[in-house]
Each structure stands twice: as structure tokens, then as C-alpha cells.
Amino acid sequence: MSNRVQGGVLDPRMLATSLPDALRKLDPRVMVKQPVMFVVEIGAVLATVLAIKDSGFFAWSIVVWLWLTVVFANLAEAVAEGRGKAQAETLRRAKTETVARRLSADGSEEEVPAATLQVGDLVVVEAGQVIPGDGDVIEGVASVDESAITGESAPVIRESGGDRSSVTGGTKVLSDRIVVKITTKAGESFIDRMIALVEGAARQKTPNEIALNILLASLTIVFLLATVTLQPFAIYAGAEQPIIVLVALLVCLIPTTIGALLSAIGIAGMDRLVQHNVLAMSGRAVEAAGDVNTLLLDKTGTITLGNRQASEFIPVSGVDDDALADAAQLSSIADETPEGRSIVVLAKTAYGLRERSQGELPSAHFVEFTAQTRMSGVDLDGGRQIRKGAAAAVLRWVRDHGDGVTNGPTAEVGEIVDAISGAGGTPLVVAEKPAEGPARALGVIHLKDVVKEGMRERFDEMRRMGIRTVMITGDNPLTARAIAEEAGVDDFLAEATPEDKMALIKKEQAGGRLVAMTGDGTNDAPALAQADVGVAMNTGTSAAKEAGNMVDLDSNPTKLIEIVEIGKQLLITRGSLTTFSIANDVAKYFAIIPAMFAGVYVGLDNLNIMRLSSPESAILSAVIFNALAIVALIPLALRGVQYKPSSASSMLSRNLGIYGLGGIIAPFIGIKIIDLVVSLLPGM
Amino acid sequence: MSDTTAGLLQTGLLIAALAAAYRPLGTWMAKTYTDEKHWSAERVLYRCIGVDPDADQRWPVYARSLLAFSAVSLLALYVLQRVQQHLPLSLDFPGVVPDQAFNTAASFVTNTNWQSYSGEVTMSHLTQMAGLAVQNFVSAAVGMAVAVALVRGFMRSKTDRIGNFWVDLVRGCVRILLPMSVVAAIVLVALGAIQNLSAGTDATTLTEGFQRITGGPIASQEAIKEIGTNGGGPYNANSAHPFENPNALSNMFEIFLLLVIPVAFTRTFGLMVGDKRQGYAILGAMTALWALMVTIVTWAEVSARGTAYEAAGAAMEGKETRFGEWASALFAVSTTGTSTGSVNSFHDSYTSLGGGALILNMGFGEVAPGGVGAGLYGMLVLAILTVFIAGLMVGRTPEYLGRKIQAREIKLVALNILTMPALVLTGTAVALGLNKAVAGEVPKDSILNPGPHGLSEVLYAFMSAANNNGSAFAGISVNTEFYNIGLGFAMLLGRFIPIILVLALAGSLARQTPVPATAGTLPTHKPLFVGMLVGVVLIVAGLTFFPVLALGPLAEGL
């Protein structure tokens, strides 16, 4: 993660470095895209013209602060974009001009610039070379350094066939030789899209952002009306107002705080995803993530650790625990599978058996597991044989090596085996044949899927947020149910085929629910495309990455949960700052209206509850507060408001308390403090 | 019994009566608008109009039917006034002059019932009964139809049909307004309101002057005037006139009538969307606003201090001694909160803060509890706005009753909320800002009380017109071409722009696939949401009208 810009905090230096960009954005052709701030800019221009004609300290102070309001808004956006630009630079460096070794149909190689590669071309890449374009490995296996994209320095294995065949242009082969079939045109590659994304060039307004913009524009119109019509009323009252004061009132009333920060919030939201090593292909997908009702999670790797692990040894009657543990351990010494290792670990942790290595038993003969025998074991020095494996296979071995009279306690073994299977576990039977005498079954090892730590709590959290979790597994329903119960998911889909998955997604969507899922295989692609939020693993196939609307560079399926939270946080930040912005207006009215009219209607001075020192100072203080609020909230806009998974009700009351009530109170205090300072200025 | 005790008892009685009517009336109205069967009398009407009552309409068709119906009504009412002298029961009144006839036609077709005339000396019995009274029914039924169409938007999914305007119109009249009016008219007669077709009784006044006291079918007009939240009284003095509103009991009954449908409509809404709690929430917000304004106005009137008030014993200028301050304030808030506009006291004579509160009460957009139908759809629009802001704050695309509130919906809502303030503020600004004469009169010169009170008067007039309230602040001569035509357009635009937008909203909601509610969904039936809705109503209206209120009532009262 060394080469990534850290999210969340605002480096004060960025304010300075982003200033030129902020000034460049004053171009009206750029400003017009943000209606609220555009109105402020027009107001600032108007105020400047008026101040030139009739200059005075008050008028020029207002002009300066109106321009600062616009600059601060642009600064917010520029800072948010600036962070993306830094990342884009890093990525561009990875995308240096490469020469591709293209394979011709006759098998000969020719060197061509990477930019000229066509979809379907075959290229050879060897150790030390940079992969010239996105594609699938069709021949060979190699370790690849993908740190340019993922920031992760440990190399990953890419091999032909299967779900680990995709490679990304700009990454570097560290060992071996592979042949890659190019799947993306130059210029549209993953790294190109990533650059466009973090730079914000491809940023389009999301549905909720559009809706919010409409609301802000209409609020602006309402306040424009209220301000414009105020002049005839003022004239009627015999207190005609200088235009510059009306402009100040207008700028204070229209929702500048949220208007200024809206696009920064959006950019920062995408940026936060990038900090989590997730690339969203559209902002729409990020928003959809906040709306997700159903999460489809693959069991293996997401809910459970990838492999089954030994959880207990169950001896048959007449055999003591330690004897079974000892036999189980001996039979697994040479077993390098995760299951085998877990048996050795269990024997050590639960039964205190010292770990033994193969070297301690030089004359022992280890029996490898094969698909035919379906068991493994060891033949010890002195004739003792131990076997462990699938129940049917081991029991047959016991029968074959028995004396024909005592077949061992098969009935009891059967019961234990059935009990373990019924609980969703996998039974491994352990048997021995002593040097003398017939073989017998010693007991059963209970292998089970181990649910990752903390999953139950996360699913409880999800439930509180109103999200239903569904576990997808190829296991039989019995096994699936047991794991589902242990992990605390709401539902499961057992013996799932890609078609089942698709059907489930469509069923959920028909009920109006939004579905999120992760996937990596080519057969996941249709479901990834169908899901509202489809997160493809970076290790997955190009088809999967193409189909999903997000790619997780860490290939961590649990990330889906964080993506949902980031999506929600984005919306909450917008909503909270909108509320804050509107709530601010109450205090501004109490500052400006008495300032404008207390001269003609003395009674209105009762509304000057902040007891501001003079009308000019009151108006200027309100304008300054309005501008400073933008700067003060830039860090919050970039970081996002604090988000804790909880029910909608408690979240609403919390945010309404902080940003609604706080939004009403804060400006009363802020404007008063600014007034105390402003009133000291000479000329006020 | 002290005034306070009597006032509180009256308010308590009113609330109890509304609570008793809530369930049966709300259920009956829900049944009316969801019934699959047609009554035979209704079938006859459908055949006369030539519509197929079983064919549901898309929203543009629904809107076109509504606009066509209203346009024909507008024209018919205009013509009827212009030629009334040639028709029976003319009372020898001349035809109404064009600008006033337009104003009156617009006023009654939009359920406003703004009256720039004195009924007893301008309108013939025929105009009153065949013109104005008919509009009292149908314009009310139109408002209810729009509300029901919007509710259908929440009920239905994946359809472009929002009901049949003609069926909603006919049923609203036949099954709800007519039966209620008959019963209410009989009760009013029993309470002492008059009901005849007398051309008038001649009387000699104490000063030997001559006076003709016009009679008429008053009780029946009074019933629908309140039930349909119309407010146009046959007498200029409106519900302050003893023939319309003879005593304290009839006064309470009239307040009950003007509140009962808007209140019970929230139950209709809850029943139709299949979640009664949603109806309670909307009712809760309406009640909170109403109670707040009743408190403010009553406080302003009762606590008024000044030489005039002390000489009279109380702030009784413009109030009837048979009602007193409490019942007058209760009536005033209820009538301004329901877009009724009938008055039992003169709002112009309220204390400046009390009068300002009445203006603000209309400025909420007539949602506390609002006119028949109009109150419900107005509040639902504000609820959608609230949901939008609140929904973002809980981290989801905002949704209300399972419908997503996105760009299209928020655009319709925003335009809707913009319309009324735009009409009020520009109307008032033009009236006060024009220094040139319009048709011989400078609009400003109509003001009888200069200073901030004059501003309040003009503001009140445009507020009343754009919100289709119809009550007058008085103290301003509005029977000029400028006001007749200006207010006429304010009424038409203030009525039909929101209606079209609401019907479009209904269409857009009905098309959606509802999103199922989960723990992550913002609950819209809990006190927190109700509180936020009330807050949004207060803030939207407050922020829009604070400057102008500061220069009118606040400047005068602080």
C-alpha cells in the first residue's frame, strides 16, 4: 500500500497546491455546471461592478468575501480531484511504452508497439518483461508483480485455464514464460479505465446527485424570488436597499454549503473506494451499493476459511481419546493438505501431542491419498498400519484386513459418521491394523468448515441495516444449513449452479430488491452482470471483470460489506450537509433582516437576537460565516460523515440532531463571533 | 365560566367530534374510491357524460379530463353571471361586470371562493344555486379526485393507470359531498340558519333608513361551503352573519364541517395504501401544525394589550360577541389552514401578530389540514420532500411507501413547492411596486391602511388567492380590474399547476416496482418523521416568507 494516497485526512498543503486549479474553475463555462455556485459567481460579478461605481469599505469587503465563497467551493472540488490526480500519476508511470512480442500464426515472433495490439493477438511475455495489454493466459504459468495496480508487492500466480488466467497490462512477469491472448483494445485497458476513474474524468453525476441538484436549484430559485421581490416591499416600506446588500442576502440564503461541496463529496466517495482497493466502473454502482437489500456471498473464502479443518476426534467405545489422536496424527504427518495439517494442529492443541516430523520415522512408509483409494496413511516400522479417509473406503480396508470374524465396530462407526454428516461436517474414519491381529476402526475425525471470525457480528450488523445475506454454496442442503446457522446468514442456496444463482438474483430483483454479489469465474459473469452491484475479483477471469461493475483488487469477497458501507456513507454525507446548509438560513435571516430594516421599523431590532454591532457588520459577518463554513466542512466532505451500521431510525435521529439542530445553532454562534471581530475593523 | 375554560372546552369538543368521525368517514371514503361497483344513479351520469367508468386513465388523460371539465365550468359560470338578469330568480340584479365575473368564476372553479362582491346584492338566486353552489360541490370533488389519484400512485405498481377522473368526480359528489351536505344542512336549519327563496324582507332601521334583507337557501349553501372547504358565503359578512352562523353551537358545527373531510382523508390514505399508520403520521403532522397555529393566534388575541383593546375589554374589533376571542381564533386558524376561507371574524382586525400567523398558516401551502383533497396531496408532496432529505441521511436512495424518490419525482415536487411562493411573491411585489395606473387605478391605492398593515393586506390577498383559500383580510378594495384579473390568475395557476404536477407524480409513482421495507428503510410512521415533516413545512414556508412577513405583520407587531 506504499504507493497509495491515504484517504480521509486533508493535508493542508493540498489547499495551497490546489489553488491554481480552483482559480481556473472560475471560468463561467465550468461554473455553470454547479447552478448554486454559478449564482454566487454572478452575484460576485454584480457586486464588483457596483463596488467599483460606489466604492466603500463595506462594499469591497462584501465583494471580497463573495469571491472567496466561489473560490472556496472550487477549492473543495480541486482538492478532491487533486488526490485522484496523484494516483493517476503513479498509474501512468506503470503504463510506460512497452514493446509486445506478438506471435504470428506460423509461430514466429515479431516485435510491435503495445499500442498497436488488436483483440485476439497472442503475445509472449517472459520473466522481467511487462505485460503489454489485458488478456488471458492461454499457455504456461508465471508469477506476476501486480503492485502497479493493487499496491500489493507480493507476487501472484497466473496460469492458463481456470479462474486465475487473467492478466493486466502494465503488470510485470517475475518468473517463467506465458502466452497471453489480448482481450482489450489499447486505450480501453484496465489501467486506462483506472486512470480515467481516479482522475474523475469519467465522472458522471449519479441519480441521487442529479435529484439533489434539482432540489438545490429549486431552493435557489425560491430564494432568488424572495430576494428580488424584497426590493419593492422595501421601497414600499421606505427602506430601499442597496443592490449589494440584496446580493449578500441571496448568497447567504441559497444552499451554498452543500452546493459547494456536492461534487467534492462525490469524488471523495469514489476515492474512498479506491483507498479500499476497489474500482467502481460508475458512480451509479457506488450509490446502488448503499441501496442493496440482498447480499449474495459465496461460502468458501467469504464466509468460511477456504478449507475444512479438524474440529474433534471421536473414538469408538473401547478406544481412548489419546490413542485415536495419536493414530490420527501419525497418519497425517505426510499429509500436506490443509485438512491434514489441521489434524496435526488439533492433536497438538487439544491433546497435547508433540508434533512429529517425517524425519523422526525414517523407516515408515507413507501412503498417499489417491482418488481410487480415497484414503491415506502410514505403514510403520514393525508392521503397524494406520489409515484415514472416507468412511466407506476405510471400513472396506478394515474388512479386508480383518480376520473375517470380528469386523470391527462398524455399526458404531456408522452412527458417528452419520451424526457428523448430519451436522454438516465431513467425517474421516481412522483405522489401524496392529502388527499382530485384525484391523479395527479407532474412531472418526470431524472435519468442518470453519466460519471466519467475526462473521456472525457482521451479519447481525447487516440485518440491522436491513440487508439480507444469502450464502451460496455447492454443498448439499444439510451441510449448507449447518454452516448457514453457524455463520448467522439469513438464507442459503445449496447445490447452487450458476443458473440457480441467476434465478435467485432475478427473483429478488422482481420483488424490488437490489442485489449485490461477488464472483470470479467465467460462469459467474452472467450473474455479475445481472446483479445491481457485481464485484469481480481481480484474480478472476476477464469475463468476470468485464461483467461486474466493480473490481476488487485485493480479491477479498468480504469487501462487499465495506462497499455497501461506503455507498451509504456517501449518501449520508450529502443528506447531512444539505440539512446543515438549509438549517443555517434561520440564523442568517436573524442577522440580515433586522440589519436591513430595523432603521425604518424599530421593532424589528427585536429580531437581532445575536445583538450584532451594526447593520454592516451583521451582513458582512453572515457572508463571512457562509464562506468559512465551506472551508470548515471540506475535511468532512472528503472524509464522509461518521457512519456506524445501525437502523434507519437511529441513524436519522443522530444525523438530524447533529446536522439539523447543529445547523440551526452553529451559525448563531459563528456569526456572533465573526461580528465581534469584524466590528473592530476600522471603517465598519 | 372563564373565556379560557370555555375556549379549551370548545377546542376539546371539536377534537372529540373529529375523532369520532375519523374512522367511519375515512373508511367510507376509502370504500368510495376503491369500490368496483357503480351505483345505478352514477351509471346514468356516466352515460350522460359519455364515459366508460371501467376504463382507467393514464395520468395525461386524467389531467386533460380534469382541465377540460374545469375549463367548461369556468366558461359556464362566467356566462351565467353575465346573463343572470335575463334568467329566473334574478332578484332584478344586473349582470356581473366582466372582470368581476371572471374573478368569481375562477374563484369558484378553483375551490377558492374569493369574493370581490357582496353576495346578497350581486348574485341572483339562480347564480347562487346553479352556478356557485354547483361549483362548491364539483370543485371540491376535483380536489379529492387528485388526492385519490396520487394515493393510487402509491397503491399501484408497474402500471400507467391512475384511475378514472369522471368516476372519482361523480363518486366524490354523489357518495360523499351530497349526503353529508343534506345532513349538515338539516342540522344547520335546526341550529337556526335560514333556508328559503325569499327575495328579501324590507326593514326600517333605527335611523329610519331603508334596508332590504335578502333571504335565500342559506343553510344548504352553508353546509357545502364548509364541507367542501369552499368558503364563499351567500352574505358578504360570511359566517359572521347570523343567518349563516347564528350561535356558538352552529359555529362549532361549522368548524367541524370544514375540518372533517381533510382530517378523515388521512385515514382514507392510510387504508388505501394498506398501512393505517402512514395516515396517522400525516394526520399527526397536520394536527401539530394546526395546534401550533391555534395556540399562537389565540395567544396573540387573548394577550393583546393596548388602549383600544382595554377600552373594549378584549381584542374584539372585527369579532362577534357571540363567539368571542377563542372561538374566533379557532375558526380563523381552521379556515386559513383548510383553504376554506369562510370567516366568522375579520382577519384584518386581528392583532398584527395574530393576523401574521394567519398569513403564515396559508403560506404553509394549505396543509394543516388543508382543503378537501388539496390538503392531503399538498402534505404528501411535502412528505416526499422530507423523505428525500431524511432518506439521504440514512444512506439510501430515498423512498416513500416503497417508491423511490429520484430525479423525476423530486423535479415534480420541487416545481410544486415553487409554484405558490412564486405567485404570492411576484403578485404582491407587482401590486406594491407598480406606480402606474392599471385600468385607471394604481394597485397600491386600493390599500386603505398605509404602512406595514397595508403590505399585510396585499400579501394576504395574494396568499389567499394562490393557495385557493378565499378568505379576505379586508381593508383593501379588491374590486378593481387589477385585483380581479391578477387574483383570478393567481387562483387558476395556484390551483391547476400543482394539480398537473401532482397527477404527473402519481403517474411516475404508479409505474415503479415497490421496494420492500427493511430495517434500513426510513420509517415514515414514527414521531421522528412526523416531527421532521412539521419542521420541513415550517422551514420551507418560514424561509420563503420571512422577509415579507418581517415588513408586514412583524414590523407592525414587534
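Trainee: Which elements of chain A each supply at least two residues of the lining of the second largest pocket?
Mentor: Keep in mind that this is a predicted model. The second largest pocket holds about 720 Å³ of space. Its lining has 33 residues, with Gly519(A), Asp520(A), Met537(A), Thr539(A) and Pro557(A) closest to the centre. The elements that each give at least two residues are β6 (156-159), α12 (299-303), α19 (498-510) and β20 (515-519) of chain A.

Trainee: How many residues in the lining of the second largest pocket are charged?
Mentor: Sort the lining by residue type. There are 7 nonpolar and 14 polar residues. The charged residues number 12.

Trainee: How many charged residues line the largest pocket?
Mentor: The largest pocket has a volume of about 1200 Å³. Its lining has 47 residues. Of these, 38 are nonpolar and 9 are polar. The number of charged residues is none.

Trainee: Which element gives the largest share of the lining of the largest pocket?
Mentor: Look at the residues nearest the centre: Gly535(B), Leu538(B), Ile539(B), Gly542(B) and Leu543(B). Both chains give elements to this lining, among them α22 (559-597) of chain A and α18 (527-557) of chain B. The largest share, 15 residues, comes from α18(B).

Trainee: Which element gives the largest share of the largest nonpolar core?
Mentor: That core has 326 residues. Among those with the most contacts inside it are Leu295(A), Met550(A) and Ile261(B). Ile261(B), for one, is in contact with residues including Leu25(B), Met144(B) and Val372(B). The largest share of the core, 20 residues, comes from α22(A).

Trainee: How many residues are in the second, separate core?
Mentor: Find Val316(A), Ala328(A), Ile386(A) and Val398(A). They belong to a separate core, and its residue count is 40.

Trainee: Is Arg374(A) buried or exposed, or partly exposed?
Mentor: Arg374(A) sits in the loop between β13 (365-367) and β14 (375-379) of chain A. Its phi is positive, near 55 degrees, though it is not glycine. Buried means under 20% relative accessible area, and exposed means over 50%. The relative accessible area of Arg374(A) is 41%, so Arg374(A) is partly exposed.

Trainee: What is omega for the peptide bond from Ala368(B) to Pro369(B)?
Mentor: Go to the loop between α13 and α14 of chain B, where Pro369(B) is found. The bond from Ala368(B) to Pro369(B) is cis, with omega near -5 degrees.

Terms used: Residues numbered from 1 in each chain as written. Chains lettered and ligands numbered in written order. Predicted model: local features only at pLDDT ≥ 70, side-chain atom pairs only at ≥ 80, totals over all residues. Heavy atoms only, no water. 1 Å grid on protein atoms, 1.4 Å probe; cavity = no way out; pocket = protein on both sides within 12 Å on 5 of 7 lines; lining within 4 Å. Points joined across faces, edges and corners; volume = space filled by probe spheres on them. Helix = DSSP H or I, 4+ residues; strand = E, 2+ residues; numbered from the N terminus. Nonpolar A, V, L, I, M, F, W, Y, C, P; charged D, E, K, R; others polar. Core = buried A, V, L, I, M, F, W, Y, C linked by side-chain atoms within 4.5 Å. Buried < 20%, exposed > 50% of the residue type's maximum accessible area, 1.4 Å probe, protein only. Contact = heavy atoms within 4.5 Å. Lists of a residue's contacts leave out its neighbours within four places in sequence.
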